[in-house]
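Here are my notes on the model you sent over.

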Amino acid sequence: MAETPSSHISTTPGGSLRAPSTGVLRGLDALNFFLADVRDGLGPYLAIYLIAVRGPDQGWNEATTGLVMTIAGIAGLIAQTPAGALIDRTNHKRAIVIAAAVAVTLCCLALPFISNFYVVAATQSVAGIAGAIFPPALAAITLGVVGPKLFAKRIGRNEGFNHAGNAASAAIAGGTAYFFGPIVVFWLMALLAVCSIGAMLMVPAKAIDDDLARGLDQTETQARTDGQEEPSGLTALLKNRYLLLFAVLAALFHLSNAAMLTSVGQLLTKLSGKDNATSLIAICIVAAQLVMVPVAVFVGAKADAIGRKPIFLAAFGVLAVRGVLYTLSDNPFYLVGVQLLDGIGAGIYGALFPVIVADLTRGTGRFNVSQGAVATAQSLGAALSATLAGLIIVSAGYSTAFLALAAIAAAGFALYLFAMPETYGYEPGAARTGGGPSPIPSPAA
């Protein structure tokens, strides 16, 4: 993932040169690598811990675990838009990222010492709220450092290091859990949080253009100077029908995708026993993350040339196929093999999500609050996914749950194909409610 010196240079909408130093860019690399495991909290390990370690004797099964994950997801959902608005307004993005990393880690470290359902749900909800800070903050910091011209490429690189970090932490967790048990995941998170704080400090505050990080152009800057009212995230969403449509598509993607890995983890727990569950789910994560690294870098490098739409359609298609393939065998090695497909779908989604939002909000100064609004819909889908899959698993089995999730992905594919335009070259205001879209040039234009 080497970068040439010339690739560090970009221009802002106002024409000023952005030339971040190699040290700053290395700081971004390290931040995305070390924050990878922290930003998602316990993720699938939460289900493994509650089911395999706590178990039915303490009142934990697929349904109750799914309910905790849904509650935490809803808390994170509610926080998404305010988090984006906070990142838009603040000039202290580094401090906010550090505070969020500490909060997520402390909430997860508390889990081995608590057992009450409501307390577990509360701590994971706080972690979900703090975790809502990371996506808009990392995207804003990146945009403020490199500028819009190199944003798509840099986001792909960010996602590559994020997935490499996930793979490394999962490999360490899987290897050490074999000797020390699932509890090792919590201490690994603490170590990574410390490293992520150090990485954040490698990016000086002066290297981040806060106006550029909001997606501001000269017109928007003047509007703020004149005292015009700034719309909320919901207003920004409702005024742009393509942004609203993308929010629906993001919700569908996560309604399908979010529960697949946790459901596979639960299935592996039943098939292989709790002693091997953490190691097996770690193998699943490592396998998928290793695929995500080249996929994310490729998407970042080629999103302008190929276009956003065909690449995103591939993500929905692969997700649907993955859900069907899970039903064909209960062999643990086969299930791990199918999990490789998560690397393609999630790798594409992670690299394109902020790029498409940036396309649809460029020049408006609403980049981060719009990210938060769309992420709210995304989180709603993810939160409902765990409960939906858990209820189907309890009532009808794993195969039925996987097929239901695959059907949701297929519906998202069809909606994106027929209703969503190519957003490369999108003109702000082109799809406001009540107005017709302006022509969107092809990627080759």
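Which side chain meets that of Asp-210 in a salt bridge? I come to that in point 2, after some housekeeping.

1. **What we are looking at.** This is a predicted model, in which local features need pLDDT of at least 70 and side-chain atom pairs count only at pLDDT 80 or more, while totals for chains, interfaces and linings use all residues. Residues are numbered from 1 along each chain as its sequence is written, and side-chain values use heavy atoms, with hydrogens and water left out.

2. **Asp-210 and its partner.** It is Lys-93: the two side chains form a salt bridge at 2.7 Å, N to O. By salt bridge I mean a side-chain nitrogen of Lys or Arg within 4 Å of a carboxyl oxygen of Asp or Glu. Asp-210 sits in helix H9 (residues 210-213) and Lys-93 in helix H4 (residues 93-109), so this pair ties together parts 117 residues apart in sequence. Helices here are DSSP runs of H or I with at least four residues, strands are runs of E with at least two, and both are numbered from the N terminus. Asp-210 and Lys-93 are both buried. Buried means under 20% relative accessible area, exposed means over 50%, and partly exposed is in between (1.4 Å probe, protein chains only).

3. **The other salt bridges.** The structure holds 8 salt bridges. In one of them, Arg-154 pairs with Asp-29, with the closest N and O atoms 2.4 Å apart. That pair links distant parts of the chain, as Arg-154 is in helix H7 (residues 151-180) and Asp-29 in helix H1 (residues 22-39), 125 residues apart. Both Arg-154 and Asp-29 are buried. Arg-308 also has a partner, Asp-304, at 2.6 Å between the closest N and O atoms. Arg-308 counts as buried because its relative accessibility is 3%, whereas Asp-304, at 29%, is partly exposed. Shared partners also join Arg-26, Asp-29, Arg-154 and Arg-157 into one salt-bridge network.

4. **Helix H15.** Have a look at residues 332-361, which make up H15: 30 residues reaching 44 Å from first C-alpha to last, close to the 44 Å expected at 1.5 Å a residue (the expected span is 1.5 Å times one less than the number of residues). There is a kink of about 35° at Leu-352, shortly before Pro-354; the bend is the angle between axes fitted to the seven residues ending there and the seven starting there. Of the 30 residues in H15, 23 are buried, so the helix is largely enclosed by the rest of the structure. Just after H15, Gly-363 has a positive phi of about 85°.

5. Thr-376 is buried because its relative accessible area is 17%, and Ser-385 is buried at 0%. Leaving out residues up to four places away in sequence, Thr-376 touches Leu-77, Gln-80 and Thr-81. With that exclusion, the contacts of Ser-385 include His-254, Ser-256 and Leu-405. Contact means heavy atoms within 4.5 Å.

6. **The chain overall.** The protein chain has 17 helices and 2 strands, and 58% of its 445 residues count as buried. Among contacts between residues at least 6 apart in sequence, 82% join residues at least 24 apart.
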